[in-house]
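Reader: I would like a close look at one part of this chain, and then at how other parts are put together. Please keep it plain.

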Amino acid sequence: MSLLSLEALLEHLETWDEPRLVTLLRLRPDLLQPSPGDLTTLAVRVGSEASIRQHLQRLDAPTLHAATQLSRAAAQGSSAEDPDPVALEALQAAGLFFAETGSAPAVSTPARLPHIFDSLTAHLPQLADSLTIQTPPAPTPAGASAAMLENASVAAISELLDDVAEVLALLADSPAMTLRTGGVGMRELRRIAAASARWGSAATSGARRGRPATSGLGAGFGSDASVGEIGWLLELSAASGLIELSDGQAWAPSRLAQQWGAAARHHRHQLLVSGWLLAPRAPMLLRGPHPSSRIAPTLGLDRQRGDAERLRRALLHTAGALSAEAAGERVQLYALNLPDEDLPGPDALTGALPLRLAWERPLMSARVLHLLPWLAREAERLGLFAVGALSAAGAALLEGAQLGRASNPGAGWRPGLSRLAEQLASSMPAQVDTILVQSDLTAIATGALSPASAAALADFGQREGHGSVPTYRFSPDSLHRGLTRGWTGDSMLAWLEAHSLTGLPASLTTQVEDAARTWRGVQIGEAGAWLRVTDSEQREALLDDPVLGGLGLRVLAEDILIARAPMAALEQALTEAGFNSARSTEAEEDRGPSPAAGTSPEHTASWSLESSPWEQSPVRITSAEPEDLDETLLNAAAAALRQAGRAAPSSSSPSAAAHDVIGTLRSALAARREVTLTRVSPQGSTHQLSGVPTGMNAGRVRIRVRDDEGEATVMLHRIAAVEENPARESPFQEPTVPAPAEQPSTIEESNG
């Protein structure tokens, strides 16, 4: 076993034919970003730490275990004990190991690989458990019936739609203000929660009286964790484009929120799932404060995570694969244990799902182990998972999704989201418009209310309880709110009489009449132009004319109509429709109040997002997945590399490895070696800086400068190249680390 310098690695690649190069580029697509101009550039990238780490993320447990053994043997100069031939073949095809035939077969590897494995072992000790998994874990038989699974999924979806609608209503009345540092702080979340009967004091008192208070996130309503529920709903709403940041630095409902509120339930759910899938955010679920946790502000940029979409995709895809292997049998994929008042422990997520993830992608699983329980809980909130299994909604999403289209995940999820909407439209119970008005001044819905009926009751009633079948209480405050939203006493009573299956009690009628009599206010509304039409037949003809259908015409009084369109547009449309019109030369007063009847908003052609509203995230991961690459592109790139060969002597020196900035800095930082940076200023000029790296994080590297022993901080994106300096007696060298007796002649060898 031996470590390969850049020159030795280049010599190996020069012996590869075009098919082997095509396989290499397919397995490691980051090597093509941008396309290498010659084999020397390709060799630098093949041996670079950034590229090697990306490929290690794709390896399953047996292959990664074999790579670990081979790397350890290479670092020690010994031979590995019977590596798995299938794993060795895969590692050779990816350019991580090279078999050398001769009198004694040997395997060599790029010089930086042992250091990478040492770093992974030190930072991810839990990785060792994943590498011991020998066979793919299988799920256990399900403990819940199919009916229970689907009921739990549909109930979660109905509850989520109600929760989001409630939050949007709260923000419409009082937007969520942001902190000066960004995001919505805990104090603002508490204020929003206190303003809601669902999460505020009313819910708390109900729980104290002995009523059950179920929780969306694992804690009771009115508690700090219910404040976390508000935070998660804000994150989900922002990811779906339902709220946006206004100029006043406050989050308020967007124009899309109005359309969403009037859309069918399956379309509303479709948009929420689409936003969740594409959001480049860390698990958006936010817990309330407790002694052992510190919560970052909701909707802050520090929650950006470029690989979040990929993590959700891996979780769902693995759940779908496990369910498909069961061949129609119901199976238990996971068990979730999120405590109410403490941080989750090692048993927060157990079962075949996390074990399969650890087997298929051990590095990724070990890196995001603390996030997986929250990702699974969010999938439950969206109805994609339920009682430890993949629901019919989740299966429908995966059935149509094209998960390989990582370059455009919005387009990849679109077919699955449409299939999800179709499945949900047929499985959810029909919505109703009927209620039961009771003598205690409450109204109980006879089922899940339609958007129009729910909006009407929300105008002049106060919702109580939490569930898909709501109860509304009528009080002077709620009735006065209805009057401010355009209702009259007569219109409220007429609506209740038309929708109630029981007669209206006299107490409610009296309260509505008293509220209308005591309310003082001025009713306002929007209108672009008005029409006076004294002929009733002509008025009906105007309202029924298809040419005028988009103007928003409605009756204001017996002979007065109003339109949303301005007067010039109205006049032109009337002329095109064949009606004579004459402009008024004087202003006239409105003849009466506007009824509360609204118009249906225009529905978008699709409720699936092309990209996340967080698209301008400062944290992006742009590397392609292997299945994204076109074979024609791969063949052309391989042919060009074979034709170009190695670079000219002036550029094929070992300094070419200086372009592996991150890998070289990590190696130098671990070994306390001195480096020389080539830094580019904002004006484009370059200068060099020599010293020993002392720390690297948040896009910066700290360097103890050689000359004056001061410390400089350099932004990583300003570093054009970095090279390790020849070993010498350095005043910055740790006294406990002896200088090597013999220094290798190349940069790659010195990193071994």
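Which residue just after H18 takes a positive phi?

Author: Gly383 does, with a phi of about 80°. The model is predicted, so local features need pLDDT of at least 70 and side-chain atom pairs pLDDT 80 or more, while totals for chains, interfaces and linings use all residues. Residues are numbered from 1 along each chain as its sequence is written, and side-chain values use heavy atoms, without hydrogens or water.

Helix H18 itself spans residues 372-381 and is mostly covered, with 10 of its 10 residues buried (under 20% relative accessible area; exposed is over 50%, partly exposed in between, with a 1.4 Å probe and protein chains only). Helices here are DSSP runs of H or I of at least four residues, and strands are E runs of at least two, numbered from the N terminus. The buried residues of H18 include Trp374, Arg377, Glu378, Glu380 and Arg381. Leu372, Pro373, Leu375, Ala376 and Ala379 are buried there too.

Helix H6 (residues 85-93) also has a glycine just after it: Gly95 takes a positive phi of about 75°. In H6 the buried residues are Ala87, Leu88, Leu91 and Gln92. Seen down the axis of H6, these fall within an arc of 135°, so they line one face of the helix (the arc is that of the directions from the axis to the C-beta atoms). Pro85, Val86 and Glu89 are exposed on the face of H6 turned away from the buried side.

Helix H9 (residues 146-173) packs against another helix. Its axis and that of H14 (residues 265-278) come within 10 Å and cross at roughly 80° (axes are lines fitted to C-alpha atoms, for helices over the stretch in contact, with angles from 0 to 180 degrees between N-to-C directions). H9 and H14 are therefore roughly perpendicular (65 to 115 degrees; under 35 is roughly parallel, over 145 roughly antiparallel, the rest oblique). H9 brings Ile157, Leu160, Leu161 and Val164 to the contact, and H14 brings Arg265, Arg268, His269 and Leu272 (contact is heavy atoms within 4.5 Å).

Further along is an open sheet of three strands in the order S17-S19-S18, paired antiparallel (strands pair if DSSP finds at least two bridges between them). S17 (529-532) and S18 (554-557) stand at the edges with a single partner strand each, so one side of each has no neighbour in the sheet. The twist averages 35° from one strand to the next. Four bridges join S17 to S19 (residues 560-563), and Ala529 has Ala563 as its bridge partner in S19. Helix H26 (residues 567-577) lies across S17 and S19, running at about 45° to S17.
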